[in-house]
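Let's take a walk through this fold together, from the overall layout down to a few individual residues.

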Amino acid sequence: MEEKVLQAIQDEYPDDFAWCYGCGRLNEEGHHFRTGWNGEQTVTIYRPEQNHLALPGFVYGGIVASLIDCHGTGSAALALHRKNGHEAGDGVEPPRFVTASLNVNFLKPTPHGVPLKAIGTVQEIHPKKFKVETEVFANDILCARGEVVAVVMPSTFLKNG
């Protein structure tokens, strides 16, 4: 399953918004989650590092929750960007989202040493609010399911907002 996301929405975020610990490309210590389209669903592929263990052989649940969180906000950005007539990689700055709520259900222990694949389904629930249902798989085994409600980033998050 060693797939790769080629056109990630996070690659399009302006530098001021590329510092998220989960998905920020400019955060040297971060996870660098990358989210793109796979048909009508979204996908993020991530390989947890050795220091992401809960106990030997299993991924710490906080990493899985972070993956669902950033996958959700990235998916919402992809959906609104597409609704606005654009796609990741077309040179148009995408909208930026923040998490309004995060719910994670851990279904099975998540094995370490294999890539994790988050698959999301996006539903618009308001012009500035999207719900993203995400399933996280390891070796095609469903390990976690989550829901993110993401809202367009408020202007107060901007330096001069």
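Angles between elements run from 0 to 180 degrees between N-to-C directions, with axes fitted to C-alpha atoms. With that in hand, helix α1 (residues 61-83) lies across β1, β2 (41-46), β5, β6 (116-126), β7 and β8. The helix runs at about 135 degrees to β5. Please keep in mind throughout that this is a predicted model.

**The overall picture**

The protein has one helix and eight strands, and along the sequence they follow the pattern β-β-β-β-α-β-β-β-β. The C-alpha trace spans about 45 × 30 × 30 Å along its principal axes. How does the radius of gyration compare with that of a compact globule, and what is the value for a chain of 161 residues? The protein has 15 Å, and a compact globule with 161 residues would have a value near 15 Å, so the two agree. Of the 161 residues, 43% count as buried. Among contacts between residues at least 6 apart in sequence, 63% join residues at least 24 apart.

**The sheet**

Six strands form an open sheet in the order β1-β2-β6-β7-β8-β5, with antiparallel pairing. β1 and β5 (97-106) stand at the edges; each has a single partner strand, so one side of each is left without a neighbour in the sheet. From one strand to the next, the twist averages 30 degrees.

| Strand pair | Bridges | Residues facing each other |
|---|---|---|
| β1 and β2, antiparallel | four bridges | asparagine 38 and glutamine 41 |
| β2 and β6, antiparallel | five bridges | valine 43 and isoleucine 119 |
| β5 and β8 (residues 141-152), antiparallel | nine bridges | valine 98 and valine 151 |

The hairpin of β1 and β2 has two residues between the strands, and glycine 39 there takes a positive phi near 70 degrees. β2 itself is mostly covered, with five of its six residues buried.

Strand β7 (residues 129-138) includes lysine 129. This lysine counts as partly exposed, at 33% relative accessibility. Lysine 129 and valine 149 are 20 residues apart in sequence, yet their C-alpha atoms are 6.9 Å apart in space. Beyond its neighbours within four places in sequence, lysine 129 is in contact with Glu124, Val149, Ala150 and Val151.

**The nonpolar core**

Which residues touch the most other members of the largest nonpolar core? Of its 30 residues, they are Leu67, Ile68, Phe97 and Val136. α1, β5, β6, β7 and β8 each supply at least two residues of this core, and α1 gives the most, with 11 residues.

Not counting residues up to four places away in sequence, leucine 67 touches Phe33, Thr44, Tyr46, Leu116, Ala118 and Val136.

Now turn to histidine 31, in the segment before β1 (35-38). Is histidine 31 buried or exposed? Its relative accessible area is 7%, and since buried means under 20%, histidine 31 is buried. The side chains of histidine 31 and tyrosine 46 are joined by a polar contact of 3.0 Å. Setting aside residues up to four places away in sequence, histidine 31 touches Tyr21, Gly22, Tyr46, His52 and Ile63.

One of those contacts, histidine 52, is found in the loop between β2 and β3 (53-55). Histidine 52 counts as buried too, at 8% relative accessibility.

How values were computed
Residues numbered from 1 in each chain as written. Predicted model: local features only at pLDDT ≥ 70, side-chain atom pairs only at ≥ 80, totals over all residues. Heavy atoms only, no water. Buried < 20%, exposed > 50% of the residue type's maximum accessible area, 1.4 Å probe, protein only. Polar contact = N/O pair within 3.5 Å; in protein donor to acceptor, adjacent residues only side chain to side chain. Contact = heavy atoms within 4.5 Å. Pairing = 2+ DSSP bridges. Core = buried A, V, L, I, M, F, W, Y, C linked by side-chain atoms within 4.5 Å. Rg over C-alpha atoms; globule rule 2.2 N^0.38 Å.
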